[in-house]
Amino acid sequence: MAAEQMHGGFGGVLSFGLHADHDTYNRFVSHLKVITSAVSLGHDESLIVFLGENDERQYLYPEEFHGGFFRFSVGIEDTEDIIADLEQAFAKEGLL
């Protein structure tokens, strides 16, 4: 998807939201086994940060992110392990 949307290059950090409430975001993160929940990004492991609907920088975000979203930094783990981790967490919350 990144290659299709970001002509000219892209990095290993992306943002995405869920059609979900705050509690679902928290449960989703609790299901992750390979990806680590963090308060900031910048490590060699895959990290995910939830920016909630009350973030003081809300005015900087696109409208569709005003309900909260994740910033996800892809680490050096095996690609299949990262994908499987996200898929199982999405499945446990019925988000697939």
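Predicted model: local features only at pLDDT ≥ 70, side-chain atom pairs only at ≥ 80, totals over all residues.
Start with the inside. The largest nonpolar core holds 14 residues. Phe 28, Ile 48, Phe 70 and Leu 86 have the most contacts inside it. Which elements give two or more residues to this core? Helix H2, residues 22–31, strand E4, residues 69–73, and helix H3, residues 79–92. H3 supplies the largest share, 4 residues.

Now look at Phe 70. Set aside its neighbours within four places in sequence. Phe 70 then contacts Leu 14, Ser 15, Phe 16 and Leu 18, among others. The list also includes Tyr 25, Phe 28 and Val 29, as well as Ile 48, Val 49 and Phe 50.

There is a second, separate core of 5 residues. Val 49, Leu 51, Tyr 61 and Phe 65 are among them.

Helix H1, residues 2–5, and strand E1, residues 13–16, each give two or more residues to its lining. E1 gives the most, 4 residues. Other parts of the lining include Phe 10, Gly 11, Gly 12 and Val 74. By type, the lining has 8 nonpolar residues, 4 polar and no charged.

The second largest pocket has a volume of about 260 Å³. Here E1 and H3 are the elements that give two or more residues to the lining. H3 gives the most, with 5 residues. The lining includes Ile 82, Ile 83, Leu 86 and Phe 90. It also includes Leu 14, Phe 16 and Val 74, and those three line the largest pocket too.

Definitions and conventions
Residues numbered from 1 in each chain as written. Heavy atoms only, no water. Core = buried A, V, L, I, M, F, W, Y, C linked by side-chain atoms within 4.5 Å. Buried < 20%, exposed > 50% of the residue type's maximum accessible area, 1.4 Å probe, protein only. Contact = heavy atoms within 4.5 Å. 1 Å grid on protein atoms, 1.4 Å probe; cavity = no way out; pocket = protein on both sides within 12 Å on 5 of 7 lines; lining within 4 Å. Nonpolar A, V, L, I, M, F, W, Y, C, P; charged D, E, K, R; others polar. Points joined across faces, edges and corners; volume = space filled by probe spheres on them.
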